[in-house]
Amino acid sequence: MTKLSVRDTFALGFMAFALFLGAGNIIFPPFIGLQAGSHVWTAAAGFLVTAVGLPVLSVVALAKAGGEMGNIIRPVGKLAGNALIVACYLFIGPLFASPRTATVSYELGLAAYTGHSGNALYYYSLVYFAVVGLISFFPGRLLESVGKILAPLKIISLIVLGIAVLLLPAVPVQTPIAGYVASPLSSGIVNGYLTMDTLAGLAFGLVVVNAVRARGLASPAHITRYTIKAGIIAGVGLALVYLSLFMLGMKSTALAPDATNGADVLRAFVQHAFGDRGTLFLGVLITLACLVTAIGLTCSCAGYFSTLTPFSYQPLVLFFAALSFAISCAGLDTLIRVSVPVLIAVYPPFIILIVMSFLRHRLSQPVRVIAPATAVAFLCGVFDGLAAAGLERFVPSVYTTLPLHGQQMAWLFPAGIVLLLSFSLSRLNRTAQAAS
């Protein structure tokens, strides 16, 4: 086979879209819309750069790398590269992100009917990860189960929500608050950055590549082409959903005046638009969103570790589903408290590696240029992670004076300087070698 049908191509894109759009992605934009007020579209522009642009870029980068994350991290060496890959899969997989999908869907769905009794979360997570494991067990059918069944259900739910947003009468736009008063663009960028979808894109990119291969396409050029198409379709879908959710938050000023997070905004809007059945609708929507994301994470983790360990794919699916279930029982608050600092620490080096993967072929000495900047980005990420964990005393005082430190993006300045210096030294070295 040398090509996919239009239907299969869109199913592939819908699958990628559904994998990306988890509960956190649905919760962030409404709160931005509520707080940004008249500056909402400036904040939205920043959010779209990091919550849509970078994740799609990571999928494209993985496709161009032949579906191998190892080709992206090669400039930092085998030992450091493998450590980064293992950390990426474990942190966004069974240790943090996958268990969090269960706890978030429980908190916004079933908890409204059962309260917060300990046994309810236990049994919910048990059933949840049994479904995740069952669907992930058959990766060759992932396009049919996710792209043609779960993703359309999720999209239909989002369309219903979007229509409700459009039908709600316009309301006076409130004055921006918090960081959206003076710096709405950077505040939007930071919120999109904290979705962590750039890391997830590397894992989901592998799922998309494997889904293309499962349809009988073996040529690297064809795999890359359809993976890029899927990434673009997913990006367009994400942007449309985010825009409707920004509008939802903007129109919810009177509905959720005391909201402290996006979940409060979304819950108030759904209750207003759909009445008592709104909670059930929100629960179904969030559960679908989280379930698809957990399936993608489990598939990608099992796929990667099956190449690294003597265990085959199916036993690893069961292991990661069971591990995710066990960790999810700790509850949402604990997971967020532990996971956010760790994810913030590993995020910056991956951004450097993903962006530079598109420019690496133009560098005569890519290792000398990319490796130092990646190391500095990782060190700065560790400082940001320590600060996020409340351990500011271990962060050098000079680091706290850098631009964007308050937004956990201070790593951009030193990493950028090192990248420019490394590139300049590489060019001088090349010129010296040519002269001799």
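Is Phe274 buried, exposed or partly exposed? Phe274 is partly exposed, with a relative accessible area of 28%.

The model is a predicted one, in which local features need pLDDT of at least 70 and side-chain atom pairs count only at pLDDT 80 or more, while totals for chains, interfaces and linings use all residues. Residues are numbered from 1 along each chain as its sequence is written, and side-chain values use heavy atoms, with hydrogens and water left out.

1. Phe274 and its helix. Phe274 belongs to helix α13, residues 262-274. Helices are DSSP runs of H or I with at least four residues, strands are runs of E with at least two, and both are numbered from the N terminus. The term "partly exposed" covers the range between buried (under 20% relative accessible area) and exposed (over 50%), with a 1.4 Å probe and protein chains only. From Phe274 to Ala302 the separation is 28 residues in sequence and 39 Å in space, C-alpha to C-alpha.

2. A nonpolar surface patch. Trp41, Ile232, Val236, Leu240 and Leu243 make a nonpolar surface patch of about 480 Å². Patches consist of residues with over 30% relative accessible area and no salt bridge, with like charges joined within 9 Å and nonpolar side chains (Val, Leu, Ile, Met, Phe, Trp, Tyr) within 5 Å. A salt bridge here is a side-chain nitrogen of Lys or Arg within 4 Å of a carboxyl oxygen of Asp or Glu. Accessible areas come from the Shrake-Rupley method with a 1.4 Å probe, and for residues only the protein chains shown count as cover. Helix α12 (residues 220-250) gives the patch its largest share, four residues. Trp41 is placed in helix α3, residues 40-64, and is partly exposed at a relative accessible area of 42%.

3. The pair α3 and α12. The axes of these two helices come within 9 Å and cross at roughly 160°. Helix α3 is therefore roughly antiparallel to α12. Axes are lines fitted to C-alpha atoms, for helices over the stretch in contact, and angles run from 0 to 180 degrees between N-to-C directions. Angles under 35 degrees count as roughly parallel, over 145 as roughly antiparallel, 65 to 115 as roughly perpendicular and the rest as oblique. Val52 also lies in α3 and is buried, with a relative accessible area of 10%. Val52 and Leu238 are 186 residues apart in sequence, yet 6.7 Å apart in space, C-alpha to C-alpha.

4. The pair α6 and α16. For helix α6 (residues 97-108) and helix α16 (residues 332-357), the axes come within 10 Å and cross at roughly 140°. The two helices are therefore oblique to each other.

5. An enclosed helix. Why is helix α10 described as largely enclosed by the rest of the structure? Seven of the ten residues of α10 (residues 184-193) are buried, so the helix is largely enclosed. The buried residues are Pro184, Ser187, Gly188, Val190, Asn191, Gly192 and Tyr193.

6. Two further residues. Val160 is placed in helix α9, residues 142-167, and counts as partly exposed at 34% relative accessibility. Val160 and Phe281 are 121 residues apart in sequence and 9.9 Å apart in space, C-alpha to C-alpha. Gly303, in helix α14 (residues 278-308), counts as buried at 19% relative accessibility. Between Gly303 and His361 there are 58 residues of sequence separation and 28 Å in space, C-alpha to C-alpha.
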